[in-house]
Structure formats: structure tokens, C-alpha cells
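Me: I would like to learn how to read a few features of a protein model. Please take them one at a time.

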Amino acid sequence: MRDTKLSDSLLAGPLRFAGGLSASAQLAVGGLLWLLCSLAISCWVYWQLEAPTRKPTAASGAALPFAVAHKPSGAHDGGLGFDRALALESVDALLARTLPLALPQAQWQQLPLQENLPVETSQLPSGATIPHIPAASAEQAAYAATYASTADLRQVIVSGPCAPLRLGLALLQGLRDQNPVLERAGVRTEVRWTPQGTLEVLLNHLVYYVVSFPGREGQLSDLAQPLPPEALAIVIDDMGQRLESAEALASLPFPVTLAIWPRSPHAQETAGIALTRRLDCLLHQPMEALPRALHGRPDPGPGALLTSMSAQEVQTVLEENLRILPSVIGLNNHMGSAFTGDISLCRTLCSMLGGRGLAVLDSVTRPDPQLALAAREAGLVGLARDVFLDTRRDTAAILSALDAAAARARAQGMAVAIGHPYPETLRALRDWQDKDGVAVVPLRRVLWKLAQDGAAVAARSYPANDNMEKE
């Protein structure tokens, strides 16, 4: 017998469909409706999130903007991505501050943005022609793809006396200091040298700044090369007294760095020889030495920094010495066993070097030098020499010291040796052959590698009279 009460209640209920669907069919239809509603909601949410990045494309008819195509992994929540305006404003201001500090005697010109030719056909300062798309090769297309749009690319031409490396070092330091602002803009920065000898600043893997140094490309192109795994840089102190020494050193089969006394009679001419031969220069900064037991206090010479000086006096002397030698990439101390042992004085000196892109090489004229440590504290590239070559003015001993420097480079990956323009040293440098093949490189390559790594060779403590220069 049929249960009419149950049957009638179902026929009269609101969920009873025409045609009398079964319970399983009703469940399937309900599930399908839920799935369709969920899909509609998901599409609406996606449309709302993507709308801000589609609007510029719809307005201009151009390709997807950089903020979408190159959204950094560290972008802010909320889909803000790359704030191009904030990033460019920050780097523009940094470049404007850095140029006169790092290259004080140079002249520079920024090409107006409206004068830039279209990126597809322009001859960029790096010397590479950006081909019309489709490109002639995959390599050219990839190179072209690293450049920002014409409206954003900044091109700067620098001429006059300067040390281009200093601009690169100063920009690296400045970008580190501005990291909070750049993170807020959702941008990652990179500073690099190209094989064509230009300096580029990249924002999220696109080149937005190109700085060219006409006539200096040959000296700068090697900065684009990776540092060899075993690299030795050789610095020759006390330069500027005789031009013959500079000419002899420039004729060696490998590069050396000339550390020039700023007040020596041939300081600027020596710097000119270095520039012509693509060699690096350092300011060989005289500093106060400790007194000797029997001979009193050695005289460091004119233009020296003394422990009795005020901060203003230190800055006055330093500024004048740097004015004489605008092409130096850094400084190292001449004598200085008294000055470099005082951490407060070293910090005062290094604080005056900020923003200039100058590196600091501690010559290590005492067992516990503080100069390299103070430089690193100030955010500079600071390193210490590893070996003195000619504490004994004997050719055989100097050859052994060169072997020791090469061994240090093999053990550490890099090393710095310091010598002097003695006849015995010049003879040893001409005769030396490293059988294990350590690469003798310009000091600039070591400094650039350290700056990129954000590290520096630690100042080492040396026992008294062990490989110490006699002041």
C-alpha cells in the first residue's frame, strides 16, 4: 500500500521539480550549480586583480609593461610590483650626488631623453647596435632585450681627468645605502661593466643607465671579465721621484699599480704614464710613523697626515693630495705606523672618503694595523697587503718573495704584494716566472671583485719585524 502522506508531502514541497527528478539527480544538479557559481566568483576576483596591469596596455596599445613582464620576487603584497617612478627618482638622485664626488675634475653630460633614437635602431654608448626586431641573431635580440624603453634610458658621457672605477664603486656603495627605498620600490639593482668599457646600472635586469668614458674603453673593458681564481696584484710604492722608473714598470709583461707620492716632483707625469699604459694609480698617502729606538721619528715627507692633526686639518691635506692626483682609484699609506695604529684617526680619515669611490689598501707597516678595518666599517673597499717584496734589496730574495706572493694567491684566491722602484726589484720583476700560472692582474679587477662580493681581505696581524717595511 502506498504511503499517501509521504507522497503528498513531497509533491507539495518547494524542492519537488517538474517531471519528478530522483534524489540522486537533484544532488547532481545542485553540485553543478555550486561549481558554476564558484567558477564565476573566481573569474571575477581574477579580473579585479589583473585590471590595474591591463589598463596601461589598453590605453597605449603597447606590449605588457615592464612591471608585469619583470615583476620581482620581492615585490610588495597587493600586486604593486615595480614602482618605476620611485626607483628612477632614487637612482637619478644618487647619480647626481655621486658624479661630483667620485669624479670631481671630470666633465659629464647627460643626453636628453628626447634626443635618444628609438631603441630598435640606436647606436648605444656601449658600442652595440640594437637591431630592428626581428633581430639578426638570438644574441642580439637578448642584448636588445636588456635595455629599458627609450623614454627611460639615461645616457651619460664623461670626459676629463678621472678614475672611472671610482664611479662604479661609489654607485655600489650608494645603492646599498638606499636599499630600503629600493626595496619599497620593488626593485633589484645591479652595477656592471661591459666588454665595451661602459658602466651600466640595471633595475630588475633591464639597463636604465649607461655611462661612457670615451678613450678609456681599453682600460675598462677587463672589468667585465671574471677575476681569475688565483689572482695577484702588484703595487709599487714611492712613485713620482723619477720618470724612468715609471717607464720601466710600464714596460713589464704584466700590469702593476703605481702608488704615487702626491707632492713628488713628477707625480702628475707619472700618473700620465700610467693612464697611457692602462695602469692603475694609488695615492701613496704619507702618514706619521712611530719613533725609532735610535734614530728618532722618521719624516714621512710633505702632505703627510699626523696624529696631532684635527679632523679639519686631515681633510684639508687629503683634499689637496687628491686634487693633485684625480686619476687614483684609492690610497695606501706611506709609513704610517703611528697613524694606522689609531682606530679613531683611521675612522676619521675613512669617513671623509665616503661617496668618492676610493678604495683603501693598508700597507701593513705595523703588526696590528687599523686602516683596512676602519675602511670596511665605513662601507669602503678595504684590504691589506699580503707580502712586501723587497724588505731585503737582493734580487734573489725578491724573487723568493714573488713566489711567496703567488703561493698566497693560490691559497686565498687573491693576494696583493707591495714593492718599491729599486733596481733590484725591477730586475726581479723582469726575470720572475711563476711556473704555477698565477694571473697577475690590475688592482682594479681585485677591487671590483671585492666590491661586488661586499667583502674585503681582512687585515692580518704580523709578528714584529716579519716582512715589515722599514720606515
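Me: Which strands does helix H4 lie across?

Reply: This is a predicted model, where local features need pLDDT of at least 70, side-chain atom pairs count only at pLDDT 80 or more, and totals for chains, interfaces and linings use all residues. Residues are numbered from 1 along each chain as its sequence is written, and side-chain values use heavy atoms, with hydrogens and water left out. Helices (H or I, at least four residues) and strands (E, at least two) are DSSP runs, numbered from the N terminus. Helix H4 (residues 84-102) lies across S1, S2, strand S4 (199-203) and S5, and runs at about 15° to S5. Axes are lines fitted to C-alpha atoms, for helices over the stretch in contact (heavy atoms within 4.5 Å); angles run from 0 to 180 degrees between N-to-C directions.

Me: What is the order of the strands in the open sheet?

Reply: Strands of a sheet pair through backbone hydrogen bonds, either parallel or antiparallel. Two strands count as paired if DSSP finds at least two bridges between them. Here the order of the five strands is S1-S2-S5-S4-S3, with mixed pairing. Strand S1 (107-110) and strand S3 (189-193) are at the edges with a single partner strand each, so one side of each has no neighbour in the sheet. From one strand to the next, the twist averages 20°.

Me: How many bridges join S2 to S5?

Reply: Four bridges join strand S2 (residues 154-159) to strand S5 (residues 206-212), and the two run parallel. Gln155 stands opposite Val210 in S5.
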